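Colleague: I would like to learn how to read a model of this kind, feature by feature. Could you take me through it, giving the general idea before each case?

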Amino acid sequence: MVEEKQEAASEAQASEASGEKPAAASSEKTSGSARSLGVFSFEGDMPLAQAIPLGLQHVLAMFVGNLTPLLIVTGACGLAGAEFADVQLALLQNAMWIAGVVTLVQLFGIGPVGGRVPIIMGTSSGFIGVFNSVAASMGGGLVAYGAIMGASIIGGLFEAVLGFFLKPLRRFFPSIVTGTVVLSIGLSLISVGVNAFGGGNSAADFGSPENLCLALIVLVVILAVKHATTGFVSASSILVGIVVGYVVAGIMGLVLPTTGINSEGVEYTKAWVLNWDKVAAAAWFAIPNPLPVAPVFDMRAIAPVLVMFIVTAVETVGDISGVTQGGMDREATDKELSGGVVCDGLGSSFAALFGVLPNTSFSQNVGLVTMTKMVNRKALACGAVFLILCGLCPKLGAVVSIMPQSVLGGAAVIMFASIVVSGIQLITRDPLTPRNLSIVSVALGLGYGIGANPAILAGSPQMVSLIFGGSGIVAAAAVAIVLNIVLPKDKEIPSKTDANA
């Protein structure tokens with residue numbers, strides 16, 4: 001069906017280029033065809049009745065993923081408790097409208113900012129590992145989160161500069177490097193997802209049967225919806241699983257005890273219990289406020305985060321290349337790649353001013369574009385406007401903030417493991433020559449191994465420990481980039497097609 005529409009679109013463009021006009025008898029049919037083909041054209045026209053649901057499809061594919069990193073990082077900083085409930089709620093509210101604003105800039109562009117490509121922007125999950133390490137090293141609290149914001153402001157500006165000089169830098173980031181980086185990101189996040197799966201390792205009932213069963217139900221529902229349905233519903237499988245998780249948690253609260261007693265005889269509320277009082281107290285409408293958390297500029301956060309912004313630039317190049325190749329059947333231009341990375345960086349700095357984690361291109365939406373060929377800018381803009389409207393409703397953010405960790409974990413395990421698979425796909429895009437195997441093996445073995453066991457750097461200079469000791473992602477990325485530069489290139493080998501000829 002998609003191929004037929006693309007052929008029809010090509011014929012229509014050819015007729016238009018030659019100056020031919022359809023006969024009057026078929027004008028109505030041609031007009032209807034042109035409107036339906038707008039979905040397969042970035043600048044094509046389409047009625048709002050089509051644009052709105054197609055845009056919502058993209059929003060539903062990323063809505064949970066856009067808020068998940070904030071829930072995890074604020075939890076690591078200790079900002080998820082009652083004392084900081086208002087702060088976390090404000091951050092979730094800001095995350096929604098920031099994603100919408102940055103997406104509009106990416107779609108339409110402002111001067112050199114924005115790639116003008118069908119990309120949805122949102123809160124990056126790639127920084128979770130680094131930010132969790134920063135929170136641990138700084139003892140958590142508002143100061144640690146403020147340091148994360150300060151590092152994000154500087155890092156975003158740094159990435160924007162990289163975007164302006166992207167063309168000469170592209171050769172340093174082939175798919176073997178980007179794939180290794182993405183793979184290390186996924187590996188670093190799996191333990192985060194599993195911790196949430198058990199209810200959060202800080203919970204008194206971590207790993208309880210209730211938490212595990214709730215997470216497992218969410219996981220099973222997501223798989224069932226993803227593979228038993230098609231189109232709009234299948235693309236929204238994560239959201240469906242989360243909604244079912246809320247329903248099941250509500251039922252559990254009616255039939256099971258909601259409190260327990262720990263080994264010290266202190267009563268506690270179980271991690272899967274929904275706190276609807278928090279939702280009731282939230283307002284229906286509020287204007288987002290800047291600087292809900294004051295930025296703190298600390299080298300313990302800035303050093304590793306700067307390296308992660310290089311990694312993010314590489315990811316964005318891959319995402320833009322993915323949507324132009326998979327959705328528009330062409331290579332991305334240097335202008336599109338440069339504008340996209342600049343938007344990535346400045347959007348992240350802008351987000352940090354509102355307490356939101358870095359905003360980057362969303363890979364799950366790249367997959368959705370490739371699958372559906374839906375690249376219409378008007379439809380994607382409708383989704384961005386919906387995100388902005390959600391950001392003006394704190395009550396919606398409150399509903400998300402009370403999500404039990406086990407419900408989040410049931411979805412996070414799939415989302416984070418899929419990043420691992422994406423990394424493997426990037427690595428295997430080129431032949432696995434001895435050189436490429438060495439890059440992947442050493443980067444993951446030495447680089448990621450050092451990051452996962454930072455005690456090995458205890459005797460190293462403090463700056464080295466700051467940059468590489470907090471996260472396996474930074475170490476693996478650095479090793480992969482260096483090896484790609486210093487190892488001699490492989491001789492060209494014949495493709496499988498040539499070899500079989």
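**Reading the fold**

Modeller: Among contacts in the protein chain (heavy atoms within 4.5 Å) between residues at least 6 apart in sequence, 80% join residues at least 24 apart. This is a predicted model, in which local features need pLDDT of at least 70 and side-chain atom pairs count only at pLDDT 80 or more, while totals for chains, interfaces and linings use all residues. Residues are numbered from 1 along each chain as its sequence is written, and side-chain values use heavy atoms, with hydrogens and water left out.

Colleague: How many helices and strands does the protein chain have, and what share of its residues counts as buried?

Modeller: Helices (H or I, at least four residues) and strands (E, at least two) are taken as DSSP runs and numbered from the N terminus; on that basis the protein chain comes to 22 helices and four strands. Buried means under 20% relative accessible area, exposed over 50%, and partly exposed in between, with a 1.4 Å probe and protein chains only; of the 501 residues, 52% count as buried. Accessible areas come from the Shrake-Rupley method with a 1.4 Å probe, and for residues only the protein chains shown count as cover. The protein chain exposes about 22000 Å², of which carbon and sulfur atoms supply 65%.

Colleague: How should I read the largest nonpolar core, and which residues touch the most other members?

Modeller: In soluble globular proteins, nonpolar side chains tend to be buried together. A nonpolar core is here a set of buried Ala, Val, Leu, Ile, Met, Phe, Trp, Tyr and Cys residues joined through side-chain atoms within 4.5 Å. The largest nonpolar core has 115 residues, and Phe63, Cys77, Tyr145, Ile148, Leu357 and Phe416 touch the most other members. Leaving aside residues up to four places away in sequence, Phe63 touches Met96, Leu387, Cys390, Leu396 and Val400. Another core, of 11 residues, lies apart from it and has Ile176, Val440, Ala443 and Leu483 among its members.

Colleague: Which residues make the nonpolar surface patch?

Modeller: Patches are made of residues with over 30% relative accessible area and no salt bridge, where like charges are joined within 9 Å and nonpolar side chains (Val, Leu, Ile, Met, Phe, Trp, Tyr) within 5 Å. Val243, Val247, Ile251, Leu254, Val255 and Leu256 make a nonpolar patch of about 590 Å². Val243 lies in helix α11 (residues 237-255) and counts as partly exposed, at 46% relative accessibility. Other residues of α11 are buried, including Ser237, Ile238, Gly241, Ile242 and Gly245. The expected span of a helix is 1.5 Å times one less than its number of residues; α11 has 19 residues and reaches 27 Å from its first C-alpha to its last, close to the 27 Å expected.

Colleague: How many salt bridges are there, and what do they join?

Modeller: Side chains of opposite charge can pair when their charged atoms come close. A salt bridge is a side-chain nitrogen of Lys or Arg within 4 Å of a carboxyl oxygen of Asp or Glu, and by this rule the count comes to six. In one of them, Arg377 pairs with Glu43, the closest N and O atoms being 3.5 Å apart. Arg377 lies in helix α16 (residues 377-391) and Glu43 in the loop between α2 (27-37) and α3 (48-76), so the pair ties together parts that are 334 residues apart in sequence. Arg377 is buried, with a relative accessible area of 16%, whereas Glu43 counts as exposed at 62%.

Colleague: Where does the salt bridge of Glu210 and Lys270 lie?

Modeller: The side chains of Glu210 and Lys270 meet in a salt bridge at 3.1 Å, N to O. Glu210 lies in helix α9 and Lys270 in the loop between β3 (267-269) and α12, so this pair ties together parts that are 60 residues apart in sequence. Lys270 counts as buried, at 13% relative accessibility.

Colleague: What is the phi of Arg116, and where is this residue placed?

Modeller: Arg116 has a positive phi of about 55 degrees although it is not a glycine, and its place is in the loop between α4 (85-108) and β1 (121-123). Arg116 is partly exposed, with a relative accessible area of 28%.
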